[in-house]
Amino acid sequence: MKPIELNDLPQYSGCISELLSDSSHKRPKNQQQIIREFGLEKWGSLLVQWKENPCGIDIVRQWGVPAGAVQAGLVDGQLMLMTANESFDYYVSLVERALLEDPSPHLLEIGCGYGSVLFELMKRANVNYESVVGLEYTQQGVELAQHLAAWHNYDVTIGPGDFNAAGISNTKIPPHTDIVTSFSLSYVRDSALALANIIKLNPRRILHFEPVFQHYREKTILGLLQRKYMEVNDYNSTFREELARLEGEGVIEIIKEEPMIFGGNCLSPLSLLVWQPVLVHAI
Ligand SMILES: C[S@@+](CC[C@H](N)C(=O)[O-])C[C@H]1O[C@@H](n2cnc3c(N)ncnc32)[C@H](O)[C@@H]1O
């Protein structure tokens, strides 16, 4: 990793000039667009490639982003050039550390894509789970994750899941599971509905690794760029406020909040928010 200056960012991040121009147009995150972006384009094309050339997840990840590709990230508030591999390793270590602080026997990731983070956690095997479940919205993501789990012989259940659907999934989720979201709640429009659906799963703790609009500072150039990036990409900007509302009503307790712990992309660094339900809700 190598530090860079804000002034040099346009050299490494192609979208800065677009963000600053009048022509930057909004990319709406409705269900149709999510199916296009992940189902057809990202996970869909990886699935086609995998069927032609079945292999392990490390290779699939490199098909998506070459390991040596350099990106402008954000580490401890410092802009850093890093390779995709460095970024992935650093990020998964942060997720692992947060889980290890208070390990649970059950783990669920909602919006797990083809399982890149979940399977890396399983590969490292520093946390011993009785059950691991990955839920994903796109059918192509589910299918690819299922192939990869079988390829690696991972003891994990992968199934369809939707934050917006009552019950989220038909897959059985043990009570008191730790739920992780990793840049997936950002695709949800109705924060109140998604969080209510999560609470109905009767989880133990919820760990969000998500961009939080309110953490991007209005009084800095980088903060303004991050806010604009979030608006243009139509990422969820209300879930932090919804968590505050639920906490105010005594429904949940926020245990931890670490703003902008890491950004593989400096324009959408992720914050860690950990919370737990206070009331017992019937499923
Ligand atoms: C940026 S990817 C992140 C994938 C994975 N969590 C990771 O960190 O590598 C966002 C994922 O969220 C999923 N997603 C979007 N809307 C969702 C919804 N309503 N319910 C569940 N997953 C959703 C997408 O299909 C996609 O796989």
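Contact here means heavy atoms within 4.5 Å. The exercises below concern a predicted model.

**Exercise 1.** State which strands helix H8 lies across, and give its angle to E10.

Solution. Helix H8 covers residues 191-200. The strands it lies across are E4, E7, E8 (205-210), E9 and E10. Its direction is at about 50° to E10.

**Exercise 2.** Give the strand order of the ten-stranded sheet, and explain why one side of E1 and of E6 is left without a neighbour in the sheet.

Solution. Step one is the order: E1-E3-E2-E9-E10-E8-E7-E4-E5-E6, in an open sheet with mixed pairing. Step two concerns the edges, where E1 (2-3) and E6 (157-160) stand; each has a single partner strand, so one side of each has no neighbour in the sheet.

**Exercise 3.** For the pairs E2 with E9, E9 with E10 and E4 with E7, find the direction and the number of bridges.

Solution. Strands of a sheet pair through backbone hydrogen bonds, either parallel or antiparallel.
- E2 (residues 70-75) and E9 (residues 252-263) run antiparallel and are joined by two bridges; Val-75 stands opposite Phe-262 in E9.
- E9 and E10 (residues 270-277) run antiparallel with seven bridges. Glu-258 is opposite Leu-272 in E10, and the two strands form a hairpin with six residues between them.
- E4 (residues 106-110) and E7 (residues 178-182) run parallel with three bridges; Glu-109 stands opposite Val-180 in E7.

**Exercise 4.** Describe how H5 packs on H6.

Solution. First, the geometry: H5 (residues 84-100) and H6 (residues 116-124) pack at about 70°, with axes 10 Å apart. Angles of 65 to 115 degrees count as roughly perpendicular, so H5 is roughly perpendicular to H6. The crossing is right-handed. Next, the residues: H5 contributes Phe-88, Tyr-91, Val-92 and Leu-99, among others, while those from H6 include Val-117, Leu-121 and Arg-124. By class, the contact has seven nonpolar, two polar and four charged residues.

Methods
Residues numbered from 1 in each chain as written. Predicted model: local features only at pLDDT ≥ 70, side-chain atom pairs only at ≥ 80, totals over all residues. Heavy atoms only, no water. Axes fitted to C-alpha atoms, helices over the stretch in contact; angles between N-to-C directions. Helix = DSSP H or I, 4+ residues; strand = E, 2+ residues; numbered from the N terminus. Parallel < 35°, antiparallel > 145°, perpendicular 65-115°, else oblique. Left-handed = near helix turned anticlockwise from the far one by under 90°. Nonpolar A, V, L, I, M, F, W, Y, C, P; charged D, E, K, R; others polar. Pairing = 2+ DSSP bridges.
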